[in-house]
Amino acid sequence: MPEELPWWKRTTVYQIYPRSFADSNGDGIGDLPGVIERLDYLAGLGVETLWLSPFYDSPQADFGYDIRDHFGVAPEYGTLDDARRLIDEVHKRGMKIVFDMVLNHTSDQHPWFVASRSAREHDKRDWYIWRDGRGKHGERPPNNWRSMLGNNGWHRDGESGQWYWASFLSFQPDLNYRNPEVKETMLEVVRHWLRQGVDGLRLDIFNAIFKDASFADNPFSLRLLPSAENPHGFFQRNVHTIDHPDTLSFARDLRRTVDAFQDPARFLVGEVFGDPTTLRRYCGAEADGLHLVFLFKTLRMRFAGRGVRALIREIEQAFPEPLTPTYVFGNHDRTRLLQRLDGHQQKAKLFATLQLTVRGVPFIYYGEEIGMEHYEIPLVHGLDPVAVRHRKLPQWLARYLGRAGMLLNRDECRSPMQWHGGTNAGFSAENARPWLALHPRSALTNVDAQERDPASLLHCYQGLLALRRQSRALNAGALELVDDLGLPRAVVAYRRVAQGDVALVVLNFTSREVPLCLEVQDGALLFSNRDASTTPFFGRYSLAPYEGVVVSFPAPEA
Ligand code: NOJ
């Protein structure tokens with residue numbers, strides 16, 4: 001373990017979906033001044049880095065993941081001055097800030113695409129991926145490639161009769177990174193925001209950046225539905241559309257670009273899909289690619305000790321130091337964590353204890369810290385463009401797919417933040433109409449109520465985040481799974497070890513009490529998710545059902 005790990009390996013990240021976090025002007029849409037007003041809450045919670053989903057100028061057809069101007073701010077979120085003020089205010093509180101960056105595609109209303117589409121001869125034509133169709137009149141798509149949503153990803157343009165490629169939705173045409181001008185322009189976009197003081201970037205569908213230049217058909221596969229661990233599906237292996245070797249080398253170009261900014265160092269976290277071994281390639285053979293990648297397997301982690309232990313082992317093997325894994329339990333595309341735990345608060349506390357004590361960067365989705373629940377909304381009422389596409393599907397199928405990890409109406413995990421128990425939950429003015437309805441339980445589940453209750457999930461997160469900041473073992477230590485304590489297999493134990501500092505974490509995934517006997521007499525109980533008090537630890541301890549503890553030890557003799 002190196003002497004001092006860079007800050008981004010030790011940090012904790014909190015994701016803000018700006019549209020749903022805090023509305024400062026009563027238009028029903030969350031905005032940047034609203035985020036600024038809530039920074040003291042976030043600093044008090046103890047998270048160290050904030051990641052904001054996109055707020056750039058955009059027609060909002062995919063709520064910001066369709067950028068029209070990479071250098072501007074959408075008026076509903078505020079102004080460029082607000083963005084600069086946000087960066088400053090975050091830094092003043094000793095926190096870091098990460099922006100979202102959609103390199104793969106733009107909005108179809110971006111001036112580049114408007115120009116590209118205007119004529120085959122336009123010098124921006126080659127900024128996007130245009131091909132002639134097959135068939136006598138080019139009436140069939142150029143090849144069999146499917147988008148990430150399973151439909152044909154080629155879209156025919158009436159004017160020229162050619163087809164353009166879109167990895168996601170039709171209004172999000174993919175940029176052509178084989179054109180050096182595109183690549184350089186997008187690197188400049190990255191530099192621009194780093195120069196503004198942004199500490200890192202989250203890279204949207206980074207696995208799709210390069211498509212194979214042969215445009216050969218993707219091979220057939222029997223696989224129907226893709227998942228976070230295996231993105232192939234819809235009866236094809238997407239070998240020519242995702243995980244292209246050129247994307248991996250682009251990751252190294254980006255790394256060099258970002259590493260040119262120091263004091264402080266900046267970082268990149270890539271949205272990529274696959275099993276941990278596949279994903280590790282994005283970090284580069286010499287740890288010279290993306291700093292971090294999302295490991296979405298944790299999004300589907302079941303509440304079972306054996307599976308959790310196996311996953312930690314797999315992640316540790318795939319991401320040994322100098323690589324750093326990530327632990328993600330929710331985001332703006334997925335079913336909320338508490339739904340997967342059937343609303344069980346104590347289980348949520350145990351998962352939080354795991355997430356904030358294991359080796360790796362935890363990503364906390366807004367509202368997770370108070371146990372905000374998933375809000376099922378019928379597809380026909382969905383504003384999310386993915387829901388709109390699937391409007392005609394029966395609701396039972398949407399529910400089933402959502403539980404299986406494919407959320408068709410992402411509005412369900414984007415309901416407004418629940419600040420207090422009053423009208424509009426403090427998200428928006430009382431007489432405003434929030435862009436999405438508040439969860440009906442907001443009167444019960446909210447920040448105010450949990451701040452007053454020392455046994456709340458919020459206090460559990462606060463306690464863990466504070467401990468993690470103080471404990472070198474937890475924020476920088478190596479991880480060793482511990483199998484010799486004579487504990488049932490459903491109890492997971494690991495040791496975190498940094499020079500001079502050792503912490504033992506024991507997580508009881510059973511619904512029974514489990515005795516814990518440790519030979520060391522002078523350990524101290526640093527944290528329990530059962531109650532936040534710190535008590536001396538005298539060798540014996542009885543773990544309550546779903547209890548997780550952190551125990552400190554004196555460092556072993558060198
Ligand atoms: C992944 C983002 O997380 C999602 O919200 C977005 O719709 C797609 N990429 C397209 O940008």
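Author: In strand 2, Y14 has L50 as its bridge partner. The model is predicted: local features need pLDDT of at least 70, side-chain atom pairs count only at pLDDT 80 or more, and totals for chains, interfaces and linings use all residues. Residues are numbered from 1 along each chain as its sequence is written, and side-chain values use heavy atoms, with hydrogens and water left out.

Reader: How many bridges pair strand 1 and strand 2, and in which sense?

Author: Four bridges pair them, in the parallel sense. Two strands count as paired if DSSP finds at least two bridges between them. Strands themselves are DSSP runs (E, at least two residues), helices are runs of H or I with at least four, and both are numbered from the N terminus.

Reader: What stands opposite Y14 in strand 13?

Author: That residue is I364. Strand 1 (residues 13-16) and strand 13 (residues 361-365) are parallel and share three bridges.

Reader: In what order do the eight strands of the open sheet run?

Author: The order is 11-10-9-5-2-1-13-12, with parallel pairing. Strand 11 (292-293) and strand 12 (326-328) are the edge strands, each pairing on one side only.

Reader: Which way do the residues of strand 2 point?

Author: T49 and W51 point one way from strand 2 (residues 49-52), L50 and L52 point the other way, and all are buried. Buried means under 20% relative accessible area, exposed means over 50%, and partly exposed lies in between (1.4 Å probe, protein chains only). In a regular strand, side chains alternate between the two faces of the sheet.

Reader: What joins strand 2 to strand 5?

Author: Four bridges join strand 2 to strand 5 (residues 96-101), and the two run parallel. T49 stands opposite K96 in strand 5.

Reader: And the sheet of three strands, which order does that one have?

Author: Its order is 6-8-7, and the pairing is antiparallel. Strand 6 (130-131) and strand 7 (154-156) are at the edges with a single partner strand each, so one side of each has no neighbour in the sheet. Strand 7 and strand 8 (residues 163-165) are joined by three bridges, and W154 has W165 as its bridge partner in strand 8.

Reader: Changing topic: how many salt bridges does a search of the whole structure find?

Author: The search finds 38. A salt bridge is a side-chain nitrogen of Lys or Arg within 4 Å of a carboxyl oxygen of Asp or Glu. One of them links R93 and D40, whose closest N and O atoms are 2.7 Å apart. R93 lies in the loop between helix 4 (80-92) and strand 5, and D40 in helix 3 (residues 39-45), so the pair ties together parts 53 residues apart in sequence.

Reader: Is D40 buried or exposed?

Author: D40 counts as exposed because its relative accessibility is 52%. R93 is partly exposed, at 28%.

Reader: Which residue meets R359 in a salt bridge?

Author: E316 does, at 3.0 Å from N to O. R359 is in the loop between helix 11 (345-357) and strand 13, while E316 is in helix 9 (residues 305-318), 43 residues apart. R359 and E316 are both buried.

Reader: Where does N238 lie, and what does it touch?

Author: N238 lies in the loop between strand 9 and helix 7. Leaving out residues up to four places away in sequence, N238 touches N218, P231, H232 and G233, where contact means heavy atoms within 4.5 Å. N238 counts as buried because its relative accessibility is 10%.
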